[in-house]
Each structure stands twice: as C-alpha cells, then as structure tokens.
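Hello,

Here is the structure I said I would pass on. My notes on it follow below the display.

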Amino acid sequence: AAPSFDLVVTDFGESKLYSATQEGYTTRNRGTEYIKSPEMLTVANASSKERATYDRRKKMGANKASDVWGAACVLYEVLTGDYLFFDEDWIRFFIRVTGASPEDLIPPERLAPLQQLPGGKHLIDFFKNALIRDP
C-alpha cells in the first residue's frame with residue numbers, strides 16, 4: 001500500500017537568488033556542522049585580507065556546489081539514519097572533510113550500509129560524484 005504521507009526535505013532559511021553566477025558566493029557560515037561542505041567549513045578564511053593566500057580577484061566562499069554537498073549528506077542520513085561524516089573528534093572530522101585525499105573522504109564503514117540497499121553500487125557512485133571538494 002502507498003504511504004499516507006508525503007516526505008518533503010527543504011531548507012530555505014538562507015536562500016538567495018543571484019542574477020549572475022559569479023555573484024553566487026557567500027562567506028556566511030551557516031548550517032549543521034556534519035553536513036557542511038569543505039568550502040562552508042573554511043568560509044571564515046575566504047575573505048580574510050590578512051591571509052597570505054588572499055586574492056581579491058578570485059571568488060571565494062561557498063556557492064551552489066555546497067548545496068549539492070549538503071543534499072548528498074542529507075540523502076545519506078535519510079537512507080542510513082546516520083551522519084555521513086560524523087566523528088566524535090571534531091578535528092579529525094574537519095581534516096577528513098577539508099583535506100583528506102579523495103579516496104579517504106568516505107570511510108569504507110560509511111559505504112557498507114549503502115551496499116546493503118537496492119542499487120547500492122549506484123548509490124555509492126552517486127555519493128562519490130556528488131561529494132567533491134572545491135568543484
């Protein structure tokens with residue numbers, strides 16, 4: 001039997017409409033820590049003129065790619081009931097998300113529950129393609 005309800009996942013608290021893609025960057029840190037993209041986790045440094053890497057010509061911060069990252073993290077949570085990147089040690093979490101090699105981004109123990117689901121291989125491919133640092 002069909003469920004008697006509809007599931008809707010939304011988050012429009014920070015939505016904005018930009019007239020040009022190059023304007024679509026934010027340096028405001030928003031969201032749930034374990035769902036934030038690497039760009040959002042490091043956004044505090046994005047506009048710091050004191051940093052040696054500052055370049056006023058380069059757009060810095062989080063953009064719509066961070067929304068893809070967040071949506072993938074929420075989908076993982078819906079499918080498994082767990083945060084994809086949760087770690088008791090916040091520093092270890094931060095390093096994994098912002099700096100680990102692509103092969104180390106999603107630990108094998110986090111992929112295991114997806115393999116048990118119908119289409120598990122395709123789900124794993126989806127997550128590996130959706131969760132790309134600095135796209």
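Predicted model: local features only at pLDDT ≥ 70, side-chain atom pairs only at ≥ 80, totals over all residues.

Overall make-up

The chain has 6 helices and 0 strands, and the order of elements from the N terminus is α-α-α-α-α-α. It has 135 residues, of which 29% count as buried. The accessible surface comes to about 9,600 Å², and carbon and sulfur atoms account for 53% of that. Taking contacts between residues at least 6 apart in sequence, 63% join residues at least 24 apart.

Surface patch

Leu7 is exposed, with a relative accessible area of 65%. Together with Phe5, Leu75, Val78, Leu79 and Phe126, Leu7 makes a nonpolar surface patch of about 580 Å². H2 supplies the largest share of this patch, 3 residues.

Core

The largest nonpolar core has 20 residues. Within this core, the residues with the most contacts are Trp69, Phe85, Ile106, Leu114, Phe127 and Leu131. Two or more core residues come from each of H2, H3, helix H5 (108-115) and H6. As general background, nonpolar side chains in soluble globular proteins tend to be buried together.

Leu131 can be followed in detail. Leaving aside neighbours within four places in sequence, Leu131 is in contact with Trp69, Ala72, Cys73, Leu84, Phe85, Leu105 and Ile106. Of these partners, Trp69, Phe85 and Ile106 are also listed among the core residues with the most contacts.

Aromatic pairs

A search of the whole structure gives 8 aromatic pairs. One of them is formed by Tyr76 and Phe127, with an edge-to-face geometry: 5.8 Å centre to centre and 85° between the planes. Tyr76 belongs to helix H2 (residues 64-80) and Phe127 to helix H6 (residues 120-130), so this pair ties together parts that are 51 residues apart in sequence. Tyr76 and Phe127 are both buried.

Trp90 and Phe94 form another pair, this one stacked, at 5.2 Å centre to centre with 25° between the planes. These two residues are 4 apart in helix H3 (residues 90-99), so about one helical turn separates them. Trp90 counts as partly exposed at 34% relative accessibility, and Phe94 is partly exposed as well, with a relative accessible area of 24%.

Ring pairs also link Trp90 and Phe94 with Tyr34, Tyr83, Phe86 and Phe93 into a cluster.

Tyr83

Which residues does Tyr83 touch, not counting those up to four places away in sequence? They are Thr32, Tyr34, Ile35, Tyr76, Glu77 and Arg110. Tyr83 is found in the loop between H2 and H3 and is partly exposed, with a relative accessible area of 29%. Tyr83 and Tyr34 are 49 residues apart in sequence, while their C-alpha atoms are 6.8 Å apart in space. Tyr34 is a member of the ring cluster that also includes Tyr83.

Regards

Key. Residues numbered from 1 in each chain as written. Heavy atoms only, no water. Buried < 20%, exposed > 50% of the residue type's maximum accessible area, 1.4 Å probe, protein only. Contact = heavy atoms within 4.5 Å. Areas by Shrake-Rupley, 256 points an atom, 1.4 Å probe, with all protein chains shown as cover. Phe/Tyr/Trp six-rings, centres within 6.5 Å; stacked < 30°, edge-to-face > 60°. Patch = residues over 30% accessible without salt bridge, like charges linked within 9 Å, V, L, I, M, F, W, Y side chains within 5 Å. Salt bridge = Lys/Arg side-chain N within 4 Å of Asp/Glu carboxyl O. Core = buried A, V, L, I, M, F, W, Y, C linked by side-chain atoms within 4.5 Å.
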